[in-house]
Amino acid sequence: HLGTTIKLNSNKNTYQISIHNETSIPIEIQDHFFEKYATFGKIKGTGLGTYSAKLAADTMGGILKMKTSQEEGTSLTIDLPMIPT
């Protein structure tokens with residue numbers, strides 16, 4: 001998708017995956033963006049993508065955050081704890 005950037009980072013304790021898109025999340029779903037079936041303006045959207053990502057992050061002990069604005073676009077950031085080997 002044009003305008004999408006994906007970054008991977010790590011430190012001693014955490015892996016971080018950041019996804020940035022140039023578009024903002026519609027105001028109508030911002031407050032329930034990670035809820036099941038949250039979708040807006042898509043003919044084939046199921047509303048399960050970010051819900052599933054949140055479940056996966058929670059299951060792995062991580063944190064999934066969303067930041068959006070018309071000026072900056074949308075960033076999703078997943079922080080996952082590093083598992084000692």
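A hairpin joins strand E1 to strand E2 through three residues. Strands here are DSSP runs (E, at least two residues), and helices are DSSP runs too (H or I, at least four residues), numbered from the N terminus. This is a predicted model, in which local features need pLDDT of at least 70, side-chain atom pairs count only at pLDDT 80 or more, and totals for chains, interfaces and linings use all residues. Residues are numbered from 1 along each chain as its sequence is written, and side-chain values use heavy atoms, with hydrogens and water left out.

**Overall build**

- The protein chain has two helices and four strands.
- From the N terminus on, the order of elements is β-β-α-α-β-β.
- Along the principal axes, the C-alpha atoms fill a box of roughly 45 × 25 × 20 Å.
- The chain has 85 residues, and 24% of them are buried. Buried means under 20% relative accessible area, exposed means over 50%, and partly exposed lies in between (1.4 Å probe, protein chains only).
- Accessible areas come from the Shrake-Rupley method with a 1.4 Å probe; for residues, only the protein chains shown count as cover.
- Take the contacts (heavy atoms within 4.5 Å) between residues at least 6 apart in sequence: 44% of them join residues at least 24 apart.

**Strand pairing**

- E1 (residues 4-10) and E2 (residues 14-21) run antiparallel, joined by seven bridges. Two strands pair if DSSP finds at least two bridges between them.
- Ile6 in E1 has Ile19 in E2 as its bridge partner.
- E2 also runs antiparallel to E4 (residues 73-81), with eight bridges between them.
- Asn21 stands opposite Thr74 in E4.

**Nonpolar surface patch**

- Ile6, Leu8 and Ile19 make a nonpolar surface patch of about 310 Å².
- Patch residues have over 30% relative accessible area and no salt bridge; like charges are joined within 9 Å, and nonpolar side chains (Val, Leu, Ile, Met, Phe, Trp, Tyr) within 5 Å.
- Ile6 counts as exposed because its relative accessibility is 59%.
- In a regular strand the side chains alternate between the two faces of the sheet.

**Nonpolar core**

- The largest nonpolar core has nine residues: Ile25, Ile29, Phe33, Phe34, Ala57, Leu64, Leu76, Ile78 and Leu80.
- E4 gives the most to this core, with three residues.
- Such a core is a set of buried Ala, Val, Leu, Ile, Met, Phe, Trp, Tyr and Cys residues joined through side-chain atoms within 4.5 Å.
- Not counting residues up to four places away in sequence, Leu80 touches Asn13, Thr14, Tyr15, Ala57, Met60 and Gly62.

**Salt bridges**

- Side chains of opposite charge can pair when their charged atoms come close.
- A salt bridge puts a side-chain nitrogen of Lys or Arg within 4 Å of a carboxyl oxygen of Asp or Glu. By this rule there are two.
- Asp58 is partly exposed, at 41% relative accessibility. Lys54 is also partly exposed, with a relative accessible area of 27%.
- Lys65 and Asp79 meet through their side chains in a salt bridge (3.3 Å, N to O). Lys65 lies in strand E3 (residues 63-69) and Asp79 in strand E4, so the pair ties together parts that are 14 residues apart in sequence.
- Lys65 is partly exposed, at 43% relative accessibility, whereas Asp79 is buried, at 18% relative accessible area.

- Gln30 is in helix H1 and counts as partly exposed, at 26% relative accessibility.
- Gln30 is in contact with Ile25, Met66 and Thr68, leaving aside its neighbours within four places in sequence.
- From Gln30 to Ile43 is 13 residues in sequence and 19 Å in space, C-alpha to C-alpha.
- Tyr37 lies in the loop between helix H1 (27-30) and helix H2 (49-59). Its phi is near 70 degrees, a positive value in a residue other than glycine.
- Most residues other than glycine have a negative phi.
- Tyr37 is exposed, with a relative accessible area of 54%.
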